[in-house]
Amino acid sequence: MNATHRSALVNFDSLLRIFTIPEGPDSTLTQIEEKLSGNLNEFLKEAIVAEEKPLSEIEHRFANAHIPEMPEFVSEHTEHLMDNLVAHSVHTAAPSFIGHMTSALPYYLMPLSKIMIALNQNLVKIETSKAFTPLERQVLGMMHNLVYQQDEPFYQRWMHSAQHSLGAFCSGGTIANITALWVARNKLFAPCEGFGGVTQDGMVAALRHYGFDDTAILVSSRGHYSLSKSADVLGIGRKNVIAIDTDEHNKLSIPALKLQLEELKQNNIRPLAVVGIAGTTETGNVDPLDEIAAVCQQHQIHFHVDAAWGGATLMSNQYRHLLKGIEQADSVTIDAHKQLYIPMGAGLVVFKNPNDMTSVEHHAAYILRKGSKDLGAHTLEGSRSGMAMLLYSSMHIISRPGYELLINQSIEKAHYFAKLIKDHPDFELVTEPELCLLTYRFVPAFVQQKLRVANLQEKQRINSLLNDFTIALQKRQRENGRSFVSRTTLNPHQYHQQSINVFRVVLANPLTTEAILDSIITEQQELGQEFGYFMDKLRCLCK
């Protein structure tokens with residue numbers, strides 16, 4: 001797309017046109033719109049180049065720090081974006097792109113997003129979101145019902161109550177987790193006689209008033225980094241996010257949790273919250289939520305579940321049991337932009353008790369007035385778009401049974417891929433899939449044979465070389481551009497806590513077929529054999 005550059009003029013009439021008159025039927029922008037609406041995945045496949053460019057080359061295309069003095073025609077700028085942005089973007093919807101938690105999107109979200117953008121509602125205030133506010137409240141009620149399954153009178157009473165909120169819609173799991181712990185902090189250090197509460201007097205005064213030396217958040221060592229951000233923002237301190245050991249299945253150890261709580265008590269440190277993980281980012285495992293709930297009830301501690309990834313599993317009657325105990329949580333985070341197949345920027349948190357969010361309530365004279373149904377009174381973010389509309393639409397268009405089919409196929413696909421790895425002589429499954437995540441690595445058969453009889457020192461040397469091999473192989477596969485898996489570092493029990501680099505795959509994309517998974521393993525096996533340096537070094541170590 002190298003059209004001759006034309007000069008546009010800066011005048012008010014020209015500016016009015018971009019607010020009122022759409023592009024003509026033959027314009028680049030109109031053609032792109034038609035292709036996006038016709039076959040979203042096909043357009044992306046054609047528009048995104050397969051050959052990976054160095055980041056430095058892409059940065060060079062965006063190196064000018066000056067705001068343009070001359071306007072561009074819309075179609076010419078669209079071509080500029082196609083050449084410089086779209087062409088070098090990551091094809092997250094590709095069926096062979098199985099390395100991260102992004103996926104293909106339903107086609108209808110494109111036109112519905114245009115409605116949302118055109119209306120440009122601001123969910124902070126009902127005066128700028130008269131219909132969107134009750135819609136978002138209903139979405140929060142639907143998600144609350146998914147988790148807590150209260151009766152109909154409960155939702156009739158609380159869903160649209162001006163003084164209450166069942167949760168908060170936000171931009172993602174990080175803000176949702178911060179909101180949950182914000183509520184937990186304000187409830188723990190609530191106002192009482194002689195103390196204005198942590199919201200007014202701060203953390204130092206709160207600890208002094210309640211007679212504690214410190215406070216802490218407890219989570220498994222597989223906890224998401226957003227919890228450290230939460231501790232930072234809330235004045236708790238990152239060092240006070242205490243990582244609890246996991247068992248051989250990457251789940252929080254209940255004995256370790258109890259031991260840590262006893263130690264905190266002896267040191268006069270009051271736990272702020274215990275966080276259970278429903279779908280760890282690295283391995284997709286689910287903590288023993290029912291057992292954590294029992295411990296929290298015994299010690300009267302806020303129990304939060306980070307189900308940003310795994311929360312959508314509740315849509316499946318067949319696999320809902322994997323999240324047993326989540327209904328006992330005080331708060332739950334779920335990301336709609338993961339397994340609910342909504343575009344990026346859609347997360348939420350729900351609270352079991354409709355009164356909980358009053359602990360973070362804010363008001364102002366010109367906005368968020370007392371008695372109004374303004375959603376901004378209970379959200380960390382102020383101005384927000386109406387992203388809840390897209391989740392509302394998807395829950396109606398896909399429906400719960402439709403989501404169940406999507407969840408079921410992703411979990412079953414993960415089990416298929418796990419079997420593929422276990423049956424291949426040159427691969428090793430590191431973590432079994434519980435949801436639709438798993439980890440594995442390329443370990444030639446002769447290396448696996450040696451590892452079975454090697455002593456600890458030999459294993460450490462071999463695994464150290466395999467770590468470098470895994471990084472090199474993952475990079476080569478990414479550069480080839482045909483498929484993509486991510487990588488992470490684990491300290492599995494079966495490897496004596498030695499750090500090992502592994503491939504990580506997420507099988508949520510409904511367009512990913514078993515044949516594609518077969519081809520990914522074949523590609524990795526062929527690439528692995530091409531690395532003569534690593535293969536020769538491994539043979540030397542395995543003599």
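These legends describe close-up views of a predicted model.

**View 1. Domain 1 meets domain 2 at an interface.** On the domain 1 side, 27 residues are in contact with domain 2. On the domain 2 side, 25 residues take part. Together the two domains bury about 2200 Å². Carbon and sulfur atoms carry 56% of that buried area.

**View 2. Lys251 and Glu434 form a salt bridge.** Their side chains come to 2.8 Å, N to O. The count of salt bridges across the interface of domain 1 and domain 2 is one. Polar contacts across that interface involve 11 residue pairs, with both residues at pLDDT 80 or more. The side of domain 1 that touches domain 2 has eight nonpolar, 14 polar and five charged residues.

View 3. Cys540 has a relative accessible area of 52%, so Cys540 counts as exposed. Across the whole structure, the search finds zero disulfides.

**View 4. Cys170 is a buried cysteine.** Its relative accessibility is 5%. That value is under the 20% cut-off, so Cys170 counts as buried. Cys540, by contrast, is exposed.

Methods. Residues are numbered from 1 along each chain as its sequence is written. This is a predicted model: local features need pLDDT of at least 70, side-chain atom pairs count only at pLDDT 80 or more; totals for chains, interfaces and linings use all residues. Side-chain values use heavy atoms; hydrogens and water are left out. Contact means heavy atoms within 4.5 Å. Buried area is the accessible area (1.4 Å probe) that two parts lose on being put together, summed over both. A salt bridge is a side-chain nitrogen of Lys or Arg within 4 Å of a carboxyl oxygen of Asp or Glu. A polar contact is a pair of N or O atoms within 3.5 Å; within protein, one must be able to donate a hydrogen and the other to accept it, and residues adjacent in sequence count only if both atoms are side-chain atoms. Ala, Val, Leu, Ile, Met, Phe, Trp, Tyr, Cys and Pro count as nonpolar, Asp, Glu, Lys and Arg as charged, and the others, Gly among them, as polar. A disulfide is a pair of cysteine sulfur atoms within 2.5 Å. Buried means under 20% relative accessible area, exposed over 50%, partly exposed in between (1.4 Å probe, protein chains only).
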